[in-house]
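Please read the following report beside the sequence and the coordinates.

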Amino acid sequence: MILFLDFDGVTHAEPYTPASAFEKLHLIEAVVREVGGVQIVISSSWREDHTLDELRCVFSQDLRQLVAGVTPDLWNPEQPIPHLREAECRAWLADHQPHMDWMAIDDRPKWFAPHCPKLLVTDTTQGFLQSQQGQLRRMLGGMGQRPM
């Protein structure tokens, strides 16, 4: 299972301060540990300004090896791609793990196809909530190797 993870509005509320950065990440990490078999791919715009090693360092030590990469940046103002974030996730899958199932956590549903069943949406102003852990658990544990 591949988990595409946004940061702003997910691992912390937006806006955020340096002190509040990644304050919600531990909630996601707890579910990833529990479910097992999950690889994390960073879909956040942070991937544009930080190296993969820098991005791995925001995670707990025991989960850093699960961060498999970052999605490609497909944004092109001259040729807009509908549902850009989902397209970037699918491009990463095509290049690296074409047969793996996936899900994403993001606070911007407009960047995915309408009613995308693979998307767990967070509230930008709150980030990932403890009350969403059950939904994440079900989505990660219940997807298996179904067709994409």
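This is a predicted model: local features need pLDDT of at least 70, side-chain atom pairs count only at pLDDT 80 or more; totals for chains, interfaces and linings use all residues.

Residues are numbered from 1 along each chain as its sequence is written, and side-chain values use heavy atoms, with hydrogens and water left out.

**Nonpolar cores**

A nonpolar core is taken here as a set of buried Ala, Val, Leu, Ile, Met, Phe, Trp, Tyr and Cys residues joined through side-chain atoms within 4.5 Å, where buried means under 20% relative accessible area, exposed over 50%, and partly exposed in between (1.4 Å probe, protein chains only). The largest such core has 26 residues, of which Leu3, Leu5, Ile28, Ile105, Leu136 and Leu140 touch the most other members. Two or more residues each are given to this core by strand S1 (2–5), helix H1 (25–35), strand S2 (39–42), strand S4 (102–106) and helix H4 (133–143); these elements are DSSP runs numbered from the N terminus, with helices (H or I) of at least four residues and strands (E) of at least two. H1 supplies the largest share of the core, 5 residues. A second, separate core of 12 residues includes Cys89, Met100, Ala104 and Leu119.

Within H1, the buried residues include Leu25, Leu27, Ile28, Glu29, Val31 and Val32, and the helix is followed by Gly36, whose phi is positive, near 70 degrees. Leu140 is in contact (heavy atoms within 4.5 Å) with Met1, Leu3, Val31, Val32, Val35, Val38 and Met103, not counting residues up to four places away in sequence.

**A buried loop residue**

Thr71 is placed in the loop between strand S3 (67–70) and helix H3 (84–96), and its relative accessible area of 2% makes it buried. Leaving aside residues up to four places away in sequence, Thr71 touches Phe4, Val41, Ile42, Ser43, Arg47, Glu88, Cys89 and Trp92.

**Aromatic pairs**

Rings of Phe, Tyr and Trp (its six-membered ring) pair if their centres lie within 6.5 Å, and planes under 30 degrees apart count as stacked, over 60 as edge-to-face and the rest as tilted.

| Pair | Centre distance | Plane angle | Class |
|---|---|---|---|
| Phe4 and Trp102 | 5.9 Å | 75 degrees | edge-to-face |
| Phe7 and Phe59 | 6.4 Å | 55 degrees | tilted |

Phe4 in strand S1 and Trp102 in strand S4 are 98 residues apart, so their pair links distant parts of the chain; Phe4 is buried at 0% relative accessibility, and Trp102 is buried with a relative accessible area of 0%. Phe7 lies in the loop between S1 and H1, and Phe59 in the loop between helix H2 (52–56) and S3, so that this pair ties together parts that are 52 residues apart in sequence.

**Backbone angles**

The loop between S1 and H1 also holds Pro15, which a cis peptide bond with omega of about 5 degrees joins to Glu14. Phe22, found in that loop, has a positive phi of about 65 degrees although it is not a glycine, and at 16% relative accessibility it counts as buried. His115, in the loop between S4 and strand S5 (119–121), likewise has a positive phi, of about 60 degrees, without being a glycine, but at 78% relative accessibility His115 counts as exposed.
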